[in-house]
Structures are given as C-alpha cells and as structure tokens.
Amino acid sequence: MKNKEKRLMRGSEAIGEAAVRAGCACYFGYPITPQNELTEYMARRMMDTGRVFLQSESEIAAINMALGAASTGARVMTSSSSPGISLKQEGISFIAAMELPCVIVNIVRGGPGLGNIAPAQSDYFQATRGGGHGDYRTIVLAPASVQELYDLTRKSFELADEYRTPVLVLADGMLGQMMEPVVFNDKEILPEQLPDKPWTVKGAKDRPSRFIRSLLLDVDVEEEQNWRLYRKYQRIERREIRHEEYYMKGAELAIVAYGTAARIAKAAVKRCVEKNMRVGLIRPISLWPFPYEHIYKTAETVKHFMSFEMSTGQMVEDVQLGVKGRAEVLMYGRPGGVVPTPAELFRVISRAYNKIAREK
Amino acid sequence: MKDAATHYCQGCGHSVIHRLTAEVIEELGIADRAVGVPPAGCAVLAYFYFDVDMIEAPHGRACAVATGIKRANPESIVFSYQGDGDLAAIGTAEAVHSANRSENITVIFVNNAVYGMTGGQMAPTTLLGQRTTTSPAAAGREAHREGYPIKVSELLASLEGSTYIERCAVNSVRAIRRTKKAIREAFLTQMNGEGFSMVEILSPCPTNWKMSPVKSWKWIDEVMTPYFPLGVIKDSRKGSKKDAG
Amino acid sequence: MPCIVINKETCKGCYLCIEVCPKKSIAIGKELNSKGYHPAMPVENGECSGCESCMIVCPELSIEVYDEE
C-alpha cells in the first residue's frame, strides 16, 4: 500500500489496516458479531506480515494476552462487541493501573444482555465512565466515517504509547460494514522501527530486574498513585479533546451526536438549514475527554441543545454537564439497534425547533 | 532471589518452591531472560523475592498473560506461578487452552488444597472429607454437593498440546530434591521450544490446615498423595522415555 | 567437623529441620526472636554430618551448613 493511495475499504478492514500500518505487533480476539470481519482481517494480515495473531478462548483471555504482550513494549490491539467488552473490563482496569499501552475496539451492538447484532450507541457510559473498577479513565475516540476509522485507529496507537494508557475506539456494526474510500495520509511503521520503551519486562539483561504491578497495599502509596494517574488524565483532558461542528453559525438549536448518529444528524440538519431553520450540529470525536468547555462556550449564545443517540440517552448527561444549566438540553434516542432515518430525525428536530420558536 | 524476609507462614511450601525455582533459573543461566507472572494468592508478592522481571496478572489469568508475553517476545523464558484457586478455578480456561496450544511457557502450580490468602476456603483441589471455611460441615467436602477434587495434571496431560507435566511434593528432603529436578525439566522443555510444561507441587499450608508444619508434611503423604499421585504424568518431548498415558 | 548456623531472626519455628535431621542434632531453642518465635538451634555437642537436609527443607533459608567450625 503506497501513501496517498485511495482505496475503497470496508470499515472493519480500515481499522485493521490502520493497526498494521501503525506497527501493531500483536492482535488477540474472539469471534463475536458484528466484529468478526475485523478479527478475520487481522488473522490474514498478521499472518502475511509475520506478526502475532491469536484467536483466544474468550474475550477475557484476549485482554489478558494483550496485557502480557503490551508489557513487552509491543503495540497491541484487541477488539470485541458490547458483551465481550463487558468481559474485558477487569483487564482494562489493570492495564490502566499498570500504565500499559493498549488499543481496544468496541463495535457496539444492541443491548443490554445478549441484545442483538444491530448497531447501537448504548456503551457510552461503559466507555467513558471507566467500565471497570477503580479511578481511571480510558481515552475514547468515536469515528464517523471509514476514513476516520482508519485515522483514529492509527491515532489511538500513538496516544496509547504517549500516555501509557488504554485507548478505546468506539464504533458500531454500521460503520464496520460500510464501504467508503480511504486515503492513507501517513507513513507505515514496522514494529521493529518503533523505539524501545524503558519500562518493559523482557528479561533483566544488563539491568536490575523490575516488576509491573498494581497491588499497592499501603493506602498512602495507593492514594499517591491514584493522584498521579489523575494528573495524567488531566494532561490528556487539556490536550486531546477533538470535535467538529457543522452549520453552527447563528444556530439556535444545537444537535449533539457522534459516530453513526452524527452521520444521520448531519443529513437531517442539512435539511433543516435548507428550510432556513437555525439548527447546527456539534460532533464530539473524543468522547473522553469530552468537549465540555466547547459546549459551555457555545451555550453562551445557543440556548437549546438536543442530544441524539442510538440509546435511551447516555451522552445527554455530558451535554447537561457541559452547559452548566445555561441552556435547555433535550434528548432524542432510539435504542436496541434501531437506526433512525434522517427524515425521522428531521421531523423530531422540526417539532422541537417550532416549539422553541413559539416560546420565544 | 532478593534479600528479603518472606511474609509466608511458618512451614509454608511457597518459600521452598520459590527457592527451588530461583535456583533452577540461575543454574540454567536464564535469569536475564526470565519473566514471571505471579498469582492472586499468598504468592502475589513474589516479585519482592524473585530477582527477575515480573508482571502481575488479574486472578486466574496468568496463563493468558504469559501467552501474550511469550508470543510478543519469544526469547524470554516465561513462567507463571499459580495456586489451586488461580489455576484450577477461575483460571481453568486459560490453563487448558495454553496447554492445548502448547504455548512455550512453564507453569509452577502450587497445590495446597485450599484458598490460602483469603483464609482457608474450599478449592477445586480440596479433598473429599476435608473441612474448610466454605465446606464446614462435619463431613467436609462431599461429592454430591461440592463435586470432586480436580486432578489438574492429568486433566492437562490429556490434551495433545501439553508436553511435560510432573507432580511432586515438598514434604521431605527427597521430595524437595525431586521437585527441583522437575522444575528444571520443565524449564528445559521451554528452552528447547518443546511446548507447554507444568510442575504441580503438593505443598503444605499449616495455617489453614490447622496443623503444625510437621503434621502438614504427614498429611501430604497420608491424604494428598494417594489421591494426587506423584510422578511424571506426561513427557512427550523428543527422546524421552515416558510417553503420554 | 561440619556444623550449622541458624539465623535466629529469620527462623519461624516450623521445626521441619528438627524433623529431618538424621543425627537429631537440632532442637527447639529457649530464646524468643523479635517475631515471637522460638528459633531452632543446633544441639550442644551435636553430631552434624553436613548432610544439608535441614538447609534443604528450611523455608526461610535460615540455615547455613559449614564443613568446619
């Protein structure tokens, strides 16, 4: 694959190719719909490139294999879908506590429980509120196109290494299946070209032995470790917020949506704008850290927000936190794997917009 | 090993097993390539005693973590050190599948028929009739209610992928010497790239068995060994005399 | 004649050494160490043969065996 080449790719393959080109040395995964295409793609590509692919006996085993491989300094990835991500939570907590880099991909499906295999956005809380036990955060990136699936997956490896932290790429079955052109705006890195990391456990040759752990029985030591992690997360919050917006100039109602919902919202909002409605769209790309500041600033002039999600409403709480009470926050959601149409959303937005206009 | 006083109880088998493992690693000249994965259990602090690189794993997952380490860095000599809860309860799947894939790792499996660190609860290897804090009936563990003790060595030996499995004990000078040899054979299996090796070691837990160290040694002979027979359970390495089954 | 030295502070009084000594040359000491154990100690005029059994079984590496006093 040459740079600047344009290639029509399926979403799941874009994720896989991004990992390979980022120098991912190890992939561990377990079959679960709707992300099997990614696991199978990695099986082929990792075999082609002589790297490590292992289908584990469970999602739990996969995250623990990733933990082990990450401790050797390798770039590693694991992927699953909602119930499987639930299984990985303990492992993710450990990875965050031990400050290991790791990329985890969640192709979200309808839930809770066994749910279904249709696309959803009901894992927002799980992704952004920690999911596992303890005071930690994972960086969460939400792509909304196949190009972004490529770019953000590539970015996630860099962020994981830079901050020594797990990074979650949150997508859904729809994004995973769709085919769009992708341009490789980057240079491929081979695993052996990645710089050595100074904290790895690969055998204590020519140096004192070291150990990586998270058990800190002394509460004072554990407290200090928690504050250290907290300061790291503060650094990430200052530097890694990502978002985009469309049609926000002069908007009176701001739709807030990410991922597939943002694609639907963009089409619906475009139609609003064509009908001279003052509606715009804010698209968070990093869900953690969430663009609270930007929402708050926007709420100076925009007094109505509507969170649009494929769930019963999870991101809406972050929008409420963001506006700090100086704007109204509405919610429209369809859970369970239902993918609303732009037309349906347009009708919902219109009703809300008209109500706002009447009450002015 | 590091120069540290251990936190293990009076007469505990861990101290001896740590020492034997460390001696083997040193004698084989692999200390600078060794990476160990301790359990959740009494030996969770093993990294204070072993002077090799180590990394913690969530309870039961050491075999998966070891797999990840070895696959990512095949030059390292990777061993997990697990108790009966870690390996045979919560970690059963990871143990079975690592063995099944013939991962080139070495498992040091310390079997004391009880959950030590958490205060003496029933373990998968608790014997029938043995009383523990979660099988407190006068009759102790009963098959119809709590199932049977698991013979982990035989279980893993039944898998095509496992290569070298031996069961030993540390309740006499002779047994300790034999255990050291077994650990050595297990590491040699890994060094020669011949697949999955495990040494199951029957170990005393005087505190939770509520016996003196000397009586614990006898209990291993009289009660444990008849159910968990000692010896090479499987050796399918090239040029070995003993075969599977 | 061979002899042993037992580290009084690291000994936890498990007495497995006493159990294995073929010459019955180790006994429970009368002193207490700082952890509250009565460490084992070599018997006066014992017949240590330098077999190292005690050293092998000691969980705490508390015993050293010497060829001569």
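## Basis of the model

The model is predicted: local features need pLDDT of at least 70, side-chain atom pairs count only at pLDDT 80 or more, and totals for chains, interfaces and linings use all residues. Residues are numbered from 1 along each chain as its sequence is written, while chains are lettered from A and ligands numbered from 1 in the order written.

## Chain A overall

Chain A holds 13 helices and 15 strands. Helices (H or I, at least four residues) and strands (E, at least two) are DSSP runs, numbered from the N terminus. The radius of gyration of chain A is 21 Å, close to the 21 Å that the globule rule gives for 360 residues, so chain A is as compact as a globular protein of that length. That radius is taken over C-alpha atoms, and the rule is 2.2 Å times the number of residues to the power 0.38. The C-alpha trace spans about 75 × 50 × 40 Å along its principal axes.

Domain 1 of chain A gives 27 residues to the contact, and domain 2 gives 22. Contact means C-beta atoms, placed from the backbone, within 7 Å. On the domain 1 side, α6 (124-128), β6 (139-141), β7 (166-172), α8 (173-177) and α9 (219-239) of chain A each supply at least two residues. The largest share, four residues, comes from α6(A). By class, this side has 17 nonpolar, six polar and four charged residues. Ala, Val, Leu, Ile, Met, Phe, Trp, Tyr, Cys and Pro count as nonpolar; Asp, Glu, Lys and Arg as charged; the others, Gly among them, as polar.

## A helix pair in chain A

The axes of α1 (residues 11-21) and α7 (residues 146-163) of chain A come within 8 Å and cross at roughly 30°. The two helices are therefore roughly parallel (angles under 35 degrees). Contact residues include A:A14, A:I15 and A:A18 of α1(A), with A:L149 and A:Y150 of α7(A). The contact divides into seven nonpolar, two polar and three charged residues.

Terms used
Axes are lines fitted to C-alpha atoms, for helices over the stretch in contact, and angles run from 0 to 180 degrees between N-to-C directions. Angles under 35 degrees count as roughly parallel, over 145 as roughly antiparallel, 65 to 115 as roughly perpendicular and the rest as oblique. Two residues are in contact if their C-beta atoms, placed from the backbone, lie within 7 Å.
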